[in-house]
Every structure is written in structure tokens, then in C-alpha cells.
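The following account leads through one protein model, from the packing of its helices to its nonpolar cores and then to its loops. Please keep the structure in view while reading.

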Amino acid sequence: MSTRSLSSPARPDPAAVLELLKPITWFPPMWAYGCGVVSSGLPIDDRWPYVIAGILLAGPMVCGTSQAVNDWFDRHVDAINEPHRPIPSGRMPGAWGLYIAVVWTALSLLVATALGLWGFVAAGVGLALAWAYSAPPFRLKQNGWWGNSAVAGCYEGLPWFTGAAVMAAAFPDWRIVLLAALYSVGAHGIMTLNDFKSIEGDKRTGIASLPVQLGPDRAARLACIVMAVPQVAVVALLMTWDRPLHAAAVAAVLAAQILLMPRLLLDPRGKAAWYNATGVTLYVSGMLISAFAVRALVGGA
């Protein structure tokens with residue numbers, strides 16, 4: 001028996017594969033896709049297969065692919081920040097991490113063919129950004145401004161657009177696109193908060209995340225501003241569109257976020273994960289409220 005076979009498995013077990021795909025990260029794009037479905041203003045009725053396929057594509061497939069790609073090209077960073085992850089820990093031996101990323105990309109495109117032209121195009125854009133974010137030569141995550149923009153778009157705006165486009169089998173109403181874009185901009189702040197957990201590893205490996213570039217205090221303040229300003233714009237738009245109750249509800253969840261922000265700013269590194277669990281929950285609640293608001297507009301158009 002070889003030394004290799006004694007020290008590590010020849011192939012990963014299913015638990016390591018699932019951990020590589022990070023199910024906890026699937027929720028945001030699945031939620032955003034659901035917001036797109038709601039905002040379309042169309043009844044689900046016989047389109048349930050498209051809804052289920054789209055949620056599967058947004059979460060386990062495209063988002064799962066992005067996690068596998070990121071873990072493979074970030075294995076040296078994870079060896080510092082999260083050595084327990086499947087690849088640096090040896091539970092994902094050899095190049096299995098890369099193999100899974102490639103296979104999951106192909107499977108995602110295959111599933112996307114069932115969602116029509118716009119579903120396929122959106123999936124292709126999302127997968128291209130997932131690879132560009134982590135892999136050379138682009139490796140957008142090397143700079144927090146570019147990398148966070150790519151992930152924010154993939155997690156919020158793109159799946160929202162996809163959900164609405166798949167339901168309508170056409171390019172969505174401009175108001176849907178505008179809301180999806182605004183919430184994508186705000187999600188840039190969420191991605192900044194997510195980078196607080198890897199500051200040390202990023203510094204040592206030359207990744208210029210915003211907490212590294214600006215320092216924790218300034219990066220946290222920027223994240224709060226970037227999250228809040230688009231929501232203010234959403235409230236204004238909903239008022240303009242004669243949706244005062246929806247506007248008031250979004251304003252209420254924004255006010256709750258603002259009340260939580262001082263605690264985050266007192267200890268950005270210690271409270272970033274806490275705010276991601278509290279403030280971000282409020283943030284995505286506002287997304288669904290906005291989706292219902294525009295649903296009434298589009299459905300009545």
C-alpha cells in the first residue's frame with residue numbers, strides 16, 4: 001500500500017463535496033430568483049417546473065460552482081484563513097476541487113437550457129463571472145472593488161433578472177431591472193462585510209479586499225453607506241410609483257438596519273458576521289417587499 005493511500009483518500013467523500021459547494025451560500029441567489037418570480041406579476045400555475053429549475057440553478061448549481069471555483073483557486077489563502085476547508089485539509093485530494101468546478105459548470109449550463117434563451121444567457125453570464133472572480137488571468141477578487149461588484153451582481157441582480165425573465169419568457173419590465181440593479185449595488189456592501197473573516201490571509205497573499213485596502217473601520221462605514229443608499233432610492237421609487245405602503249415597509253426595514261449599524265461600527269471585525277446574520281436578513285426582506293410592490297405595477301400594466 002502506498003504512502004499516499006495511507007495519508008489521504010483517492011477521491012473525496014460526499015460530505016467533503018457538499019462542504020466544497022457551501023450550501024449556506026446558496027440562499028441569497030435562490031431568494032433573489034424568488035423575488036424575480038414574484039416581481040414578474042405572472043401567475044405560477046403551470047410554470048412550477050421553471051420556478052423549481054431556476055431555484056436549483058441559482059443556488060446549488062451556479063452558486064455551488066462559484067464556491068468550488070473559489071476554493072480551488074484560493075486553496076493557498078484558505079490554508080491560512082480556513083485550514084479546515086476540504087482542499088487545504090486534504091479531504092478533497094489532488095485536483096478534485098478543479099474537476100468538480102468544471103463538471104458543475106457544465107451541469108449548470110445543461111440545466112439552464114431548460115429555462116429558455118434568457119435563462120441560459122443569464123446562467124452563462126453568472127458562470128463567466130464566477131470563474132473571472134477567482135481564476136487567472138482576471139481574478140477579480142484581487143481587488144475588492146471589482147470582485148465585490150461581480151459577486152453582488154451574481155448573488156442578487158442576476159438571479160432576480162433571471163426569475164422575472166424566465167416567467168415572462170422575455171426581457172423583464174424596466175422597473176424590475178432597476179430594482180434588481182439597486183439591490184445589487186447594495187449587496188456590494190454585504191460582500192465587503194463578508195471579507196472581514198479573511199483579512200489576515202488576504203494581507204499575506206496580496207488580495208486587496210476593501211478591509212485590507214481601507215482598514216476595518218473605513219471599510220465597515222463604506223459597507224453601511226453602500227447598503228443604505230440604494231434602499232433609500234428604492235423607497236423614493238416606490239413612492240413615485242404610488243406604492244406608499246410598500247415604500248413605508250422598506251423604509252422600516254432600512255431604519256432597523258441603521259439602528260444596528262452603530263454596534264457593527266464599534267467592532268467591525270468582531271461584529272461583521274453578526275451583522276451579516278441580522279442586518280442582511282432585514283435587507284433581503286426589503287427585496288421581497290419591493291418585488292411585491294412592482295408585481296402589482298407590472299401585473300396591472
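**Helix packing, cores and loops**

In this predicted model, the axes of H8 and H9 cross at roughly 170 degrees and come within 10 Å. Angles over 145 degrees count as roughly antiparallel, and H8 and H9 are therefore roughly antiparallel to each other. On the H8 side, the contact is made by Trp118, Gly119, Ala122, Val125, Gly126, Leu129 and Tyr133, which meet Gly147, Ala150, Val151, Cys154, Leu158, Phe161, Thr162, Ala165 and Val166 of H9. By class, this contact of H8 with H9 comprises 12 nonpolar and 4 polar residues, with no charged ones.

Helix H8 (residues 116–134) also packs against helix H4 (residues 48–73), at an angle of about 20 degrees and with the axes 8 Å apart. Because angles under 35 degrees count as roughly parallel, H4 is roughly parallel to H8. The crossing in which H4 passes H8 is right-handed. H4 contributes Leu57, Val62, Thr65, Ser66, Val69, Asn70 and Phe73 to the contact, and H8 contributes Ala123, Gly126, Leu127, Ala130, Trp131, Tyr133 and Ser134. Here the contact of H4 with H8 has 9 nonpolar and 5 polar residues, and again no charged ones.

In soluble globular proteins, nonpolar side chains tend to be buried together. The largest nonpolar core of this model has 60 residues, and Trp160 and Met287 have the most contacts inside it. Helix H15 (residues 268–299) gives the most to this core, namely 11 residues. Which residues does tryptophan 160 touch, not counting those up to four places away in sequence? They are Ala32, Tyr33, Cys35, Gly36, Ser39, Ile176, Leu179, Ala180, Tyr183, Met287, Ser290 and Ala291. A second, separate core has 14 residues, including Tyr33, Val37, Leu57 and Ala123. Of these, Leu57 of H4 and Ala123 of H8 also take part in the contact between those two helices.

Most residues other than glycine have a negative phi, and most peptide bonds are trans. A cis peptide bond joins proline 136 and proline 137, with omega at about 5 degrees. Proline 137 is found in the loop between H8 and helix H9 (144–168). Phenylalanine 138 is also placed in the loop between H8 and H9, and is exposed, with a relative accessible area of 60%. Its C-alpha atom is separated by 31 Å from that of proline 14, 124 residues apart along the chain.

Alanine 169, in the loop between H9 and helix H10 (174–194), has a positive phi of about 55 degrees although it is not a glycine. With a relative accessible area of 62%, alanine 169 is exposed. Aspartate 242 lies in the loop between helix H13 (216–240) and helix H14 (244–266). Its phi is positive as well, near 60 degrees, and aspartate 242 is exposed, at a relative accessible area of 56%.

Leaving aside neighbours within four places in sequence, arginine 85 is in contact with Glu19, Leu20, Lys22, Asp71, Asp78 and Arg91.

Note on methods: Residues numbered from 1 in each chain as written. Predicted model: local features only at pLDDT ≥ 70, side-chain atom pairs only at ≥ 80, totals over all residues. Heavy atoms only, no water. Axes fitted to C-alpha atoms, helices over the stretch in contact; angles between N-to-C directions. Helix = DSSP H or I, 4+ residues; strand = E, 2+ residues; numbered from the N terminus. Parallel < 35°, antiparallel > 145°, perpendicular 65-115°, else oblique. Left-handed = near helix turned anticlockwise from the far one by under 90°. Contact = heavy atoms within 4.5 Å. Nonpolar A, V, L, I, M, F, W, Y, C, P; charged D, E, K, R; others polar. Core = buried A, V, L, I, M, F, W, Y, C linked by side-chain atoms within 4.5 Å. Buried < 20%, exposed > 50% of the residue type's maximum accessible area, 1.4 Å probe, protein only.
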